[in-house]
Every structure is written in structure tokens, then in C-alpha cells.
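Please examine the sequence and the model shown below.

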Amino acid sequence: MANHFKLEIVTPQGVKFDADVESVTCPGKQGRFQVLQNHAPFLSSLEIGLMKVVDAEGKEHTYAVSGGISQMFHNSMRIIADTAELATNINLERARSAQQRAEERLKNREEGIDQDRARIALMRAVNRIKAVERV
């Protein structure tokens, strides 16, 4: 039998992935980590970054993730993410526009602009761009 385990990626918009995989590499709060079959049980928080999934056929899928949690238990991994966008579905123009808007908000420092929110928006936009450029 192949070295596969079950992966489910869920966001508030629904199930984004549900199949057997060879490996998953995630952006954890303590750094990137990889999960393979028979990994010890764990619960970990995720942050904005790229997630790489290698499916049971060996095909690589790249997702732009913007935080969440992951859990591994008995060769079944569940990721509950704030967002998880497949790189091939990301509109590069929209991501670049979002990056530009966030950079302008941070640069102008207008009254009433939430600087933390603008920084997070910038991080998400840059992450989405990286995901597209990686594919």
C-alpha cells in the first residue's frame, strides 16, 4: 500500500480539498512544517503563507492560506483555514491591485485607516502573488 493519508481543507466557504495525499507542507506559527503518513497526532495554528499539497498521484497543489488551524490524528489531517485559495484560481491582477491599495494605505497613514488591517491585507496580497508565481 502507498504512503498516503487523508486530508481535508475546510474554509468558511466550504470544503476546498478532500482526498488522500502523500504530504502536506504548511505555514505554521512556529515555522513551516511537513506532514507525512503516520505522523504523530498534533494540533497547530497556521499563519499567512503557502501550503503545498502532494496528492496520492504525486501532483503538487499550491494554496495561499491566511491563517487557521491544522490537526493530525490517526492518518487523517484536517485544516480549518480562514482562506485557502488554489494558486491556479487566483486572479493575479486582483492580487496586485490589492497589494497596491494596501501599500498606499500604509504609506498615506490617513485618519481612520486601521494600520494593522492594512498590513494584514498587504501580507495576504503578497502571499497570493507568490502562490501564482510559484505555479
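Glu133 and Arg96 form a salt bridge, with their closest N and O atoms 3.6 Å apart; the term denotes a side-chain nitrogen of Lys or Arg within 4 Å of a carboxyl oxygen of Asp or Glu. Because Glu133 lies in helix H2 (residues 115-134) and Arg96 in helix H1 (residues 92-108), the pair ties together parts that are 37 residues apart in sequence. Glu133 is exposed at a relative accessible area of 53%, whereas Arg96, at 43%, is partly exposed. Here buried means under 20% relative accessible area, exposed means over 50%, and partly exposed lies in between (1.4 Å probe, protein chains only).

The model is predicted: local features need pLDDT of at least 70, side-chain atom pairs count only at pLDDT 80 or more, and totals for chains, interfaces and linings use all residues. Residues are numbered from 1 along each chain as its sequence is written, and side-chain values use heavy atoms, with hydrogens and water left out.

The protein has two helices and seven strands, which run β-β-β-β-β-β-β-α-α from the N terminus on. These elements are DSSP runs numbered from the N terminus, helices being H or I with at least four residues and strands E with at least two. Of the 135 residues, 39% count as buried.

Five salt bridges are counted in this model. In one of them, Lys6 meets Asp18 with the closest N and O atoms 2.0 Å apart. Lys6 lies in strand S1 and Asp18 in strand S2, so this pair ties together parts 12 residues apart in sequence. Another salt bridge joins the side chains of Arg78 and Glu8 (2.5 Å, N to O). Since Arg78 is in strand S6 and Glu8 in strand S1, the pair ties together parts that are 70 residues apart in sequence. Arg78 is partly exposed at 40% relative accessibility, while Glu8 is buried at 15%.

Two strands pair if DSSP finds at least two bridges between them. Ser76 in S6 is the bridge partner of Lys6. S6 pairs with S5 as well, in the antiparallel sense and over six bridges, and Met72 stands opposite Met77 in S6. S5 and S6 form a hairpin with two residues between them, and His74 in the turn has a positive phi of about 50 degrees.

Which residues of S6 make up its covered face? Met77, Ile79 and Ala81 do, while Ser76, Arg78 and Ile80 form the uncovered one. In a regular strand the side chains alternate between the two faces of the sheet.

Met77 and Ile79 also belong to the largest nonpolar core, which has 20 residues, and are among those with the most contacts inside it. Such a core is a set of buried Ala, Val, Leu, Ile, Met, Phe, Trp, Tyr and Cys residues joined through side-chain atoms within 4.5 Å. A second, separate core of seven residues includes Ala87, Ile90, Ala95 and Ala131.

On the surface, Leu43, Ile69 and Ile80 form a nonpolar patch. Patch residues have over 30% relative accessible area and no salt bridge; like charges are joined within 9 Å, and nonpolar side chains (Val, Leu, Ile, Met, Phe, Trp, Tyr) within 5 Å. Ile69 is in strand S5 (residues 60-73) and is partly exposed, with a relative accessible area of 40%.

Definitions and conventions. Accessible areas come from the Shrake-Rupley method with a 1.4 Å probe; for residues, only the protein chains shown count as cover.
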